[in-house]
Amino acid sequence: MAEDGYAKHVLVTTEWLADHLGDDNLVVAEVDEDPVLYDDGHIPDAVKLHWREDLQDPVERDLVEKDEFEELLGTRGIANDTTVVLYGDKNNWFAAYAYWYLKIYGHEDVRILDGGRQKWIDEGRELTADVPSPSSVSYSASDRDESIRAYRDYVREIIDSAENELVDVRSPQEYSGELIAPPGYEQEGAQRGGHIPKAQSIPWAQAVRDDGTFKSADDLKALYEGKGVSSDKEITAYCRIGERSAHTWFVLRELLGYENVRNYDGSWTEWGNLVDVPIEKGP
């Protein structure tokens with residue numbers, strides 16, 4: 001297991017995973033920003049989770065309902081006591097989103113592969129195009145844990161609160177209002193550019209090293225506390241659609257052990273289109 005002073009044992013190394021592939025009661029799941037990557041080659045026996053088709057309600061732009069979630073995990077061979085190891089591209093953007101998602105519905109043993117898909121590939125480890133056919137199992141989800149999720153009304157209420165901190169994890173260009181989406185992406189999804197008032201700009205990628213692994217707990221604590229984001233505050237992270245902010249939520253809550261951290265998955269796609277909410281522009 002990865003250590004580095006983290007509050008919880010929620011990371012596994014590529015070495016650990018390579019040694020445990022095929023273990024009973026372990027399911028590896030790939031969750032990519034670009035879902036086609038799974039079809040090109042994935043870790044042997046890894047199942048696929050599609051961030052949009054599997055993890056978003058197509059009508060409400062919300063989490064899928066509890067019964068749909070139960071069916072999704074059950075068909076992937078995941079039972080309530082299964083250890084789930086998540087990984088993906090973009091330094092685990094959507095793997096962290098899926099982790100947050102599984103925690104909302106109460107799955108206990110979830111890990112992230114430190115370094116994600118790219119580190120596995122960089123080390124020359126095995127990939128396969130063979131798609132596994134796991135046996136369906138029964139899964140029983142908990143009611144949603146709303147304490148780790150933020151909604152727009154909550155965000156409006158905390159803007160002026162000294163006990164709360166907002167963390168904007170997008171790129172500096174998005175934070176300033178120069179761009180609406182990440183650099184290199186189609187600039188769509190919001191009518192206005194900028195950031196939520198008082199939000200601190202701490203881009204998500206500052207939490208990882210060049211090889212995609214997470215920085216040590218000491219380095220992470222220095223990064224966030226340097227911007228006033230400390231464990232005694234209630235913290236809400238946001239990005240554009242909630243996946244990069246789930247990555248920061250994972251860092252703050254699971255690696256650093258901050259108790260009160262929420263992911264605002266409506267994020268800028270929602271806030272930038274709302275009527276009668278404040279925004280700020282500039283660095």
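This is a short walk through one protein model, from its overall build to a few single residues.

First, the ground rules. The model is predicted, so local features need pLDDT of at least 70 and side-chain atom pairs count only at pLDDT 80 or more, while totals for chains, interfaces and linings use all residues. Residues are numbered from 1 along each chain as its sequence is written, and side-chain values use heavy atoms, with hydrogens and water left out.

Now the overall build. The protein has 10 helices and nine strands; helices (H or I, at least four residues) and strands (E, at least two) are DSSP runs, numbered from the N terminus. The radius of gyration is 18 Å, close to the 19 Å that the globule rule gives for 283 residues, so the protein is as compact as a globular protein of that length. That radius is taken over C-alpha atoms, and the rule is 2.2 Å times the number of residues to the power 0.38. The C-alpha trace spans about 50 × 40 × 35 Å along its principal axes.

Of the 283 residues, 57% are buried. Buried means under 20% relative accessible area, exposed means over 50%, and partly exposed lies in between, with a 1.4 Å probe and protein chains only. The protein exposes about 12,300 Å², and carbon and sulfur atoms supply 43% of that area. Accessible areas come from the Shrake-Rupley method with a 1.4 Å probe; for residues, only the protein chains shown count as cover. Take the contacts (heavy atoms within 4.5 Å) between residues at least 6 apart in sequence: 76% of them join residues at least 24 apart.

Next, strand E5, residues 110-113. Which way do its side chains point? Val110 and Ile112 point one way, Arg111 and Leu113 the other way, and all are buried. Strands count as paired if DSSP finds at least two bridges between them. E5 pairs with E1, residues 11-12, in the parallel sense over two bridges, and Leu11 has Ile112 as its bridge partner. E4, residues 83-87, also runs parallel to E5, joined by three bridges. There, Val84 has Val110 as its bridge partner. Together with helix H4, residues 93-104, E4 and E5 make a right-handed β-α-β unit. Right-handed here means that, with the strands pointing away from the viewer, the path from the first strand over the helix to the second runs clockwise.

On to charges. How many salt bridges does the structure hold? There are 19, each a side-chain nitrogen of Lys or Arg within 4 Å of a carboxyl oxygen of Asp or Glu. Glu123 and Arg125 form one of them, with the closest N and O atoms 2.7 Å apart. Glu123 is partly exposed at 33%, and Arg125 is partly exposed at 25%.

Arg152 is partly exposed, at 40%.

Ser267 is not a glycine, yet has a positive phi of about 50 degrees. Ser267 lies in H10, residues 267-271, and is buried at 0% relative accessibility. Asp276, in the segment after H10, is not a glycine either and has a positive phi of about 65 degrees. Is Asp276 buried or exposed? With a relative accessible area of 63%, Asp276 is exposed.
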